[in-house]
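Please view the sequence and the model before reading on.

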Amino acid sequence: MDADAIVIGAGPAGLMLANELGLAGVRTVVVERLPEPVGHSKALNLQPRTAEVLELRGRLDPLLGRALGRLPAGHFAGLPVPLDYTPWDTRHPYQVGIPQDRVEAYLEEHLGGYGIPLLRGHEVTSVEDDGEGVTVAATGGVTLRGRYAVGCDGGRSTVRRLIGVPFPGRDGRISAVVVDITLKGRDEWVPSQWRLPQLTPRQGWVAMMLPLADGVFRFLFSGPEQQTLDRDAPVTEAEVSRALRATSGDGTELGELRWTSRFNDAARQAERYRTGRVLLAGDAAHVHSPAGGQGMNLGMQDAFNLGWKLAGEIQGWAPAGLLDSYHTERHPVAARVLAHTRAQAILMSHDEDAGPLRGVFTDLMRLPDANRYLAGMVGGLDVRYDIPGEHPLLGARMPDLDLTVGDGGTRVSSLLHGGRGLLLEFGDEPRHAGTASNWPARVDHRTARATRDIGASAVLIRPDGHVCWAGAPGEAPTDALNRWFGRPCRE
Ligand SMILES: Cc1cc2nc3c(=O)[nH]c(=O)nc-3n(C[C@H](O)[C@H](O)[C@H](O)COP(=O)(O)OP(=O)(O)OC[C@H]3O[C@@H](n4cnc5c(N)ncnc54)[C@H](O)[C@@H]3O)c2cc1C
């Protein structure tokens, strides 16, 4: 075997996965078609849950240092009432404004530390799973043999096609353009004032303007003309100028055109995320409209769910069904994102009844419960996996509590930096230390005092920060340890 895991595609999903595998000590190689990074960004944001998962590995602060700013809210279909993340129990009730290429560059920089090669300039053309391993062939004479391969190769995934996974859904109905531009005589929206995009509906047009850095603006628009143009038709200055005139209404004029792309609201999802020894993650597993700013976030969170499970399978300790739970847990999450981005696309559409619908939704979003519901969905904060039991935290994100361990202060997130499970007991008496010691290198044990009672005397937290057991005094975590971390090393 050349590697235990072959990751195909060095976008945000592939790079996040490679980092997780590297942290777990899995021999990994990444293969990427492009000889160098694209140098432009589709996504511009980290949603709160992505900020949380990065924090679980100690990677958030360095990324904040590369960010454009923080946006204390989210948006739903560009409606004027912001999504308020603060009612959710999170330390990060905001979006980080950061271009996708900076996130990718940061994640790529860490591969070397894990000894993970990134083979650039090689397009994967063949993936063959013979039951014992996977052979991946790529242009430039590259052939690799691995135990597992993961297609993180984007919406038009070659891996998905090669392994014959159906991608049901529908094609795009609304075509739109995204450009990065400067504006003549307008540079007052500058860094640190990263603002919430707002939809401007105007006689058959919808548009959003978002300030980036150094007087550059992200302008998204969709009007009658865009519906007639082919996806591969070049975006011209004349087309952008016409859109600016039609949507700004204040004589705003185009300066320079820095980057252009066309996109649509196609909505499709892979029927299965695992086929034998080949898995799919990120856009390779799901595509949807960029409404709300979620695609990159969803892919990074897929990778975070998959990394430790695949590591467990490769290292031979994964219990039956653990790797399959990647599909069971993540498929419904993306299905829901597809559903609500489709709903957003209707709200953002040119249909004459979309106006009244926007009005109704705007009113609804002023109701705290409705706003919280949508904020949880868009921010990825409401994800709760199906883990049976009564405790409200089961399957949900573990709150990042302040803790006192011995004489020192820490937080739950800091105890998960190593990417292992965590059996955390509240109080002073370590009742389960002996039990946990039977899963060394897979599960850490800590006894801590917490600033807040969460209704359990101990919790078992998976490496991805989700709670898989919450016990009262007298209850033992043994079954849950077996269920999630396999057979004990010492019995
Ligand atoms: C206009 C627009 C705006 C967006 N805005 C946002 C936003 O604000 N927030 C957000 O969260 N998301 C946003 N998205 C979505 C986001 O950009 C994607 O969801 C994200 O890029 C998906 O990451 P990925 O790693 O799955 O795939 P990709 O980023 O597509 O990466 C796939 C990688 O695989 C490589 N590859 C492809 N085929 C092969 C092959 N055969 N062999 C080897 N390598 C291969 C590609 O070169 C690429 O590097 C936006 C999308 C668009 C179109």
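This is a predicted model: local features need pLDDT of at least 70, side-chain atom pairs count only at pLDDT 80 or more; totals for chains, interfaces and linings use all residues.

Residues are numbered from 1 along each chain as its sequence is written, and side-chain values use heavy atoms, with hydrogens and water left out.

The structure holds 30 salt bridges, a salt bridge being a side-chain nitrogen of Lys or Arg within 4 Å of a carboxyl oxygen of Asp or Glu. Three of them are listed here.

| Pair | N to O distance |
|---|---|
| Glutamate 55 and arginine 411 | 2.8 Å |
| Arginine 66 and glutamate 109 | 2.8 Å |
| Glutamate 239 and arginine 262 | 2.8 Å |

The side chains of glutamate 55 and arginine 411 meet in a salt bridge, and this pair links distant parts of the chain, with glutamate 55 in helix α2 (residues 48–55) and arginine 411 in strand β20 (residues 408–411), 356 residues apart. Helices (H or I, at least four residues) and strands (E, at least two) are DSSP runs, numbered from the N terminus. Glutamate 55 counts as buried because its relative accessibility is 11%.

In the salt bridge between arginine 66 and glutamate 109, arginine 66 lies in the loop between α3 (60–64) and β4 (69–71) and glutamate 109 in helix α4 (residues 100–109), 43 residues apart. Arginine 66 has a relative accessible area of 28%, and therefore is partly exposed.

Glutamate 239 forms a salt bridge with arginine 262; the former belongs to helix α7 (residues 237–248) and the latter to strand β14, 23 residues apart. Both glutamate 239 and arginine 262 are buried. Salt bridges that share partners also join Glu55, Arg91, Asp400, Asp402 and Arg411 into one network.

Strand β14 also takes part in an open sheet of four strands, in the order β12-β13-β11-β14 with antiparallel pairing, two strands being paired if DSSP finds at least two bridges between them. Because β12 (206–211) and β14 (254–264) stand at the edges with a single partner strand each, one side of each is left without a neighbour in the sheet. Eight bridges join β14 to strand β11 (residues 175–183), and the two run antiparallel; aspartate 180 stands opposite tryptophan 259 in β14.

Technical notes: Buried means under 20% relative accessible area, exposed over 50%, partly exposed in between (1.4 Å probe, protein chains only).
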